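Dear colleague,

Please find below the structure that I am handing over to you. My notes on what was found in it follow directly after.

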Amino acid sequence: MLIDRFLPRYDVTYVCETSVDAPPDDTYEAIRETNLRDPVVDALFAVRDLPLKIARRLRGETPPPAAPPKVTFGDVAQMGPGWVSLAEEPGTEFVLGSVGRFWRKDYGGRPVTADQFVPFNEPGYAKLALGLAVRPVGAGTILRYEARTATTDESARRTFRRYWRFIAPGVGLVMRRAVRRIKVEAERRVALKP
């Protein structure tokens with residue numbers, strides 16, 4: 001798997017898989033193009049970001065721009081400095097990465113290039129890799145979504161583990177809902193074909 005090239009060792013991982021009644025090509029397209037905006041996920045992020053939003057308002061800062069109406073895995077790396085496309089095997093698998101202090105209110109993002117991701121080891125940070133892959137099974141597909149996080153030192157590891165205990169259920173919910181949306185979209189595409 002491509003994700004192994006970028007985070008072969010990690011502190012935590014979360015994997016979500018499902019079978020899809022659609023060929024791998026249609027499922028892969030759905031991974032890249034499905035709108036991931038979801039009212040439940042949006043609410044989770046709103047709760048997570050509420051303290052930062054309140055602090056900004058109290059300081060009189062301009063609010064950040066509104067979230068885009070559509071968010072796809074195909075667009076994530078172009079949406080800002082927080083994410084970078086690490087690798088892709090078109091039609092099969094791709095990996096996105098991010099570096100930050102995710103436990104901080106502002107996520108503590110540290111922009112890196114794809115070439116900087118693997119060797120990045122500045123103390124106090126965590127590296128996150130998201131891998132999405134398809135593999136054929138019979139007439140359908142297995143869709144796999146894996147998130148891995150590795151910290152750069154012991155202090156970050158302790159802090160991240162405390163944070164992870166709190167957010168792990170939400171991460172699982174976000175990933176399961178994303179996989180469900182992708183599955184539905186891939187199967188819808190197949191049903192619409194002549």
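**The sheet and its strands**

Ser98 has Leu128 in S4 as its bridge partner. This is a predicted model, in which local features need pLDDT of at least 70 and side-chain atom pairs count only at pLDDT 80 or more, while totals for chains, interfaces and linings use all residues. Residues are numbered from 1 along each chain as its sequence is written, and side-chain values use heavy atoms, with hydrogens and water left out. Helices (H or I, at least four residues) and strands (E, at least two) are DSSP runs, numbered from the N terminus.

The strands form an open sheet of 5 strands in the order S1-S5-S4-S3-S2, with antiparallel pairing; two strands pair if DSSP finds at least two bridges between them. Strand S1 (12-20) and strand S2 (84-89) are the edge strands, each pairing on one side only. From one strand to the next, the twist averages 15°. For this and the other angles below, axes are lines fitted to C-alpha atoms, for helices over the stretch in contact, and angles run from 0 to 180 degrees between N-to-C directions.

The pairings may be followed across the sheet. S2 and strand S3 (residues 93-100) run antiparallel and are joined by 5 bridges. Ser85 stands opposite Leu96 in S3, and Glu89 stands opposite Glu93 in S3. These two strands form a hairpin with 3 residues between them, and Gly91 in the turn has a positive phi of about 85°.

S3 and S4 are likewise antiparallel, with 8 bridges between them. Gly97 has Ala129 in S4 as its bridge partner. Between S4 and S5, which run antiparallel, there are 12 bridges, and Leu130 stands opposite Ala147 in S5. The hairpin of S4 and S5 has 2 residues between the strands, and Gly138 there takes a positive phi near 60°.

**Burial in the strands**

Buried here means under 20% relative accessible area, exposed means over 50%, and partly exposed lies in between (1.4 Å probe, protein chains only). S3 is mostly covered, with 8 of its 8 residues buried. In a regular strand the side chains alternate between the two faces of the sheet. Glu93, Val95, Gly97 and Val99 point one way from S3, whereas Phe94, Leu96, Ser98 and Gly100 point the other way, and all are buried. S4 is largely enclosed by the rest of the structure, because 9 of its 12 residues are buried.

Leaving aside residues up to four places away in sequence, Thr149 touches Leu7, Tyr10, Asp11, Val12, Ala126, Lys127, Leu128 and Phe160; contact means heavy atoms within 4.5 Å.

**The helices**

Helix H2 (residues 24-33) and helix H5 (residues 154-192) have axes that come within 8 Å and cross at roughly 130°. H2 and H5 are therefore oblique to each other; angles under 35 degrees count as roughly parallel, over 145 as roughly antiparallel, 65 to 115 as roughly perpendicular and the rest as oblique. The contact is made by Asp26, Thr27, Glu29, Ala30, Ile31 and Glu33 of H2 and by Ile182, Glu185, Ala186, Arg189 and Val190 of H5.

The buried residues of H2 are Asp26, Thr27, Tyr28, Ala30 and Ile31. What do the buried residues of H2 pack against? They pack against S1, S2, S3, S4, S5 and H5. H5, for its part, lies across S1, S4 and S5 and runs at about 10° to S1.

**A loop residue**

Finally, Gly60 lies in the loop between helix H3 (39-58) and S2. Gly60 counts as exposed because its relative accessibility is 63%. Gly60 and Asp75 are 15 residues apart in sequence and 31 Å apart in space, C-alpha to C-alpha.

With kind regards
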